[in-house]
Amino acid sequence: MCSTCLFAQVKVTFEIKNVPAFKSATKTLYLAGDFNNWNAASYKWQMGQNRIACQLIIDMPPGKYAFKVTRGSWETVECSTTGNDIPNREISIVHDTTVEMSIAGWKDNFPPQDKKHTASPNVNIISEKFAIPQLGRQRRIWIYLPSDYATSHKKYPVIYMHDGQNLFDDYTSGYGEWGIDEILDKLPEKEESIVVGIDHGGEYRITEYDPYDSKYGKGRGDDYVDFLVNNLKPYIDKNYRTKKDVKHTTIAGSSMGGLISMYAILKYPNIFGNAGVFSPAFWIAPDIYQFAQQKSLPANARIYFVCGDIEDKTMVADMKKMADIIQAKGIDENNIPTVIMQGEKHNEKQWNKDFPAFYSWLIRGY
């Protein structure tokens, strides 16, 4: 996205013509998304009612956005016709446009759903409030230990992954989990790894996973990556039996997590020898291409690129552009596979499908 697009404005009309009945008195509709820090009841994003539809006309910078419709809280957010959570609505705004929507159901029209913990016994919480001094915040940290960890004396490779809420446990996931633990539980002992999951920061997620300033705020990606390298990795290496060397240390994540994983291996190629870059949100941080061109990588650096072919109009091209930059540095093409998943969208279901092939590629290089 060009820098001038951050300041240009286009007129966007949001219209909802089909609205299911309300079972409570709360009838005012709002839009909540990454354009307003997911505020479920922002007055600026309140929709008005005319004879035909609920409508909001607003000026926005061109770009890609994710959002949902609420009635002022996340307890009254839109849902499916059976009361299940639905994926975020996604739009790409280029010029003046009208976004037409229909609401299938409201969350408070259905009995609360009991979510169950699905994490395997090999998953543990290191800390609910692990300090991130660079950000002045605290975060939950997960760890997956191989099934033979307690009975063996082996050391293991480590994969550091973002969006920890969504890796192991359906109970904590927003829209389904990756199922990393279930995948790894089935592997033979010789293929085992430790996986460390770092929860995202909720409303801070976009800025923490972006090293550059954007329309969403000041980028704190440098601080976040510095935390991984200077605080979290030393803690893990001290308290667990790890293979500490660069060859056996991997960084991985999806979407914004894919972006910050790419940045991490570029900034710290002496720490992270491998990266899993799933559906990277390069569109929000175009400066990363120049950064990639300027940085040198060891000849044995390994980066796995993967995305779906129907995520959005630029995802495949953006990812291939980065892969071409890395290949131009002389990296063997076997060390930078670029995988396009046919018929796959931008969600955990895709990344669950992607992970086994990524992991198989990863361990072959050890």
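This is a predicted model: local features need pLDDT of at least 70, side-chain atom pairs count only at pLDDT 80 or more; totals for chains, interfaces and linings use all residues.
Local features need pLDDT of at least 70 and side-chain atom pairs count only at pLDDT 80 or more, while totals for chains, interfaces and linings use all residues. Residues are numbered from 1 along each chain as its sequence is written, and side-chain values use heavy atoms, with hydrogens and water left out.

**View 1. The largest nonpolar core has 85 residues.** A nonpolar core here is a set of buried Ala, Val, Leu, Ile, Met, Phe, Trp, Tyr and Cys residues joined through side-chain atoms within 4.5 Å. Buried means under 20% relative accessible area (1.4 Å probe, protein chains only). Look for Phe14, Leu31, Leu232, Met262, Ile303, Phe305 and Ile326, the residues with the most contacts inside this core. Its largest share, eight residues, comes from helix H4 (residues 256–267). Helices (H or I, at least four residues) and strands (E, at least two) are DSSP runs, numbered from the N terminus. A separate core of 23 residues includes Trp142, Ile180, Tyr304 and Val306.

**View 2. Leu232 and its contacts.** Beyond neighbours within four places in sequence, Leu232 touches Phe130, Ile141, Tyr160, Val196, Ile198 and Phe227. Contact means heavy atoms within 4.5 Å.

**View 3. Ser255, in the loop between strand E14 (249–254) and H4.** Although not a glycine, Ser255 has a positive phi of about 60°. With a relative accessible area of 12%, Ser255 is buried.

**View 4. Ser279, in the loop between strand E15 (274–278) and helix H5 (287–294).** Here is another residue to check: Ser279 is not a glycine, yet has a positive phi of about 45°. Ser279 counts as buried, at 0% relative accessibility.

Notes
Buried means under 20% relative accessible area, exposed over 50%, partly exposed in between (1.4 Å probe, protein chains only).
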